[in-house]
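Biologist: Please take a close look at a single part of this model, the side of one chain that touches the other. I would like one connected account.

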Amino acid sequence: MTPLSRRQMAWRVAQDVADGAYVNLGIGMPTLVSDYLPEGREIVVHSENGILGMGGAPKPGEEDKDLVNAGKGLTTLVPGGAFFHHNDAFVMIRGGHLDLSIMGAFEVSETGDLANWTTEDPSFSPGVGGAMDLAVGAREVRALMEHTTKDGTPRIRKRCGYPLTAPRCVKRIYTNLAVLDITADGVVVRELVDGLDLPELQALTEPKLTLANDWRRLIAPAL
Amino acid sequence: MIDKCVASLAEAVSGIADGMTLLCSGFGTVGEPVELIEAVVAQGARDLTIVSNNAGTGERGIAMLIREGRVRKVICSYPRSSDPHVFEALYQAGKIELELVPQGTLSERIRAAGAGIGGFYTRVSAGTKLGETKESRELDGALHVLERPIKADVALLKGDRADRWGNVVYRKSARNFNPVMAMAGRLSIIQVREIVALGTLDPEMIHTPGIFIDRVVVA
């Protein structure tokens, strides 16, 4: 069994972003998704600091210190892109105008509760940023995370142990081992990486899993 | 005649008193009015509450004001921006207060103050630790929390170009919190790269109309 790399996970997420979608990519691994958006689809990337139509990192010589992404790294604007102020950026988020928010996570519960803003580690101050706004406001929230912690503890839980970002918001989870949907009937496995079977995945997951009838192998290109 | 232009940073920040609440624009250092904030350091006001997205970057701007011990409380969404060591040291020592607010709620609470709205209900933070002490009610089948405006004495802002009436144009993502904070400050002060003659800025393209701005200074 070969788990996906971080780049392969980002690639897998990108395959599901539809032509015409307005999408916000969270800080960290979700930012990588923009590198793998399929050719031929027009996808408008939103940034919470007032950008629609965000492009990739600038080429040498094209850097502009007034043009940054949500992680405060330098970025670019695609033709057709727009700048606007913070309140409008969050009207887009909170008013249900974004089709999709892809967010990193510490934990997701079997009912789609998301925990991704604090582990309550007292060695640094807590920060929430735009996470709660995105989790509540986007029309669809998909989480991207390693299937377990480094010591093998499941991140898909019956109930989240860490403080919630928002209850019942995640519809789909992409991990390094599987693609899973949160449904009214529980957590349904849509895809499994090569060499992994359901009992093995179940052993790494707290809530009971069901295998979809039309489940597939998750095969990512070498990246 | 209306002329909101002032000759110096010191004149721009005159009248800021101890204990005031200051809105400071910026997303990290982008759009942060670093020179105006450092003029407040020189001016001497203390016991301040700073409302900003972050809690200072490196040693300059908001970080300098915090390092100099002038800030009692920070209201922000994300204190740990790039290089937050000044804030972190004081926070770990229990010497500075933090009110953590989701970013869109922060922006909307500032807007509410500028728009004369007494409060609003939002689903954001309902059912979470940040919402647990707030008044809540179910609306349209979903739990909402009541959020109150953030009223501030002063807004410190950064624009690209302005005229003497206080009309402002920003540049790219440096616009961020500037327009909403301009509306909310009882005294809104903006530093700009350039002051241009009245009538030069395209009226179709003005981002902040001059009614929201009280003082303009070049920095």
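Modeller: What follows describes chain B and then its side towards chain A. This is a predicted model, in which local features need pLDDT of at least 70 and side-chain atom pairs count only at pLDDT 80 or more, while totals for chains, interfaces and linings use all residues. Residues are numbered from 1 along each chain as its sequence is written, and chains are lettered from A and ligands numbered from 1 in the order in which they are written.

Chain B has six helices and 11 strands (DSSP runs, H or I of at least four residues for helices and E of at least two for strands, numbered from the N terminus). Its radius of gyration, taken over C-alpha atoms, is 17 Å, close to the 17 Å that the globule rule gives for 219 residues, so chain B is as compact as a globular protein of that length. That rule is 2.2 Å times the number of residues to the power 0.38.

Turning to the interface, 37 residues of chain B are in contact with 32 residues of chain A, a contact being two C-beta atoms, placed from the backbone, within 7 Å. On the chain B side, α4 (85-92), β4 (97-100), α5 (103-115) and α6 (178-184) each supply at least two residues. The largest share, five residues, comes from α5(B). By class, this side of chain B has 14 nonpolar, 14 polar and nine charged residues; Ala, Val, Leu, Ile, Met, Phe, Trp, Tyr, Cys and Pro count as nonpolar, Asp, Glu, Lys and Arg as charged, and the others, Gly among them, as polar.
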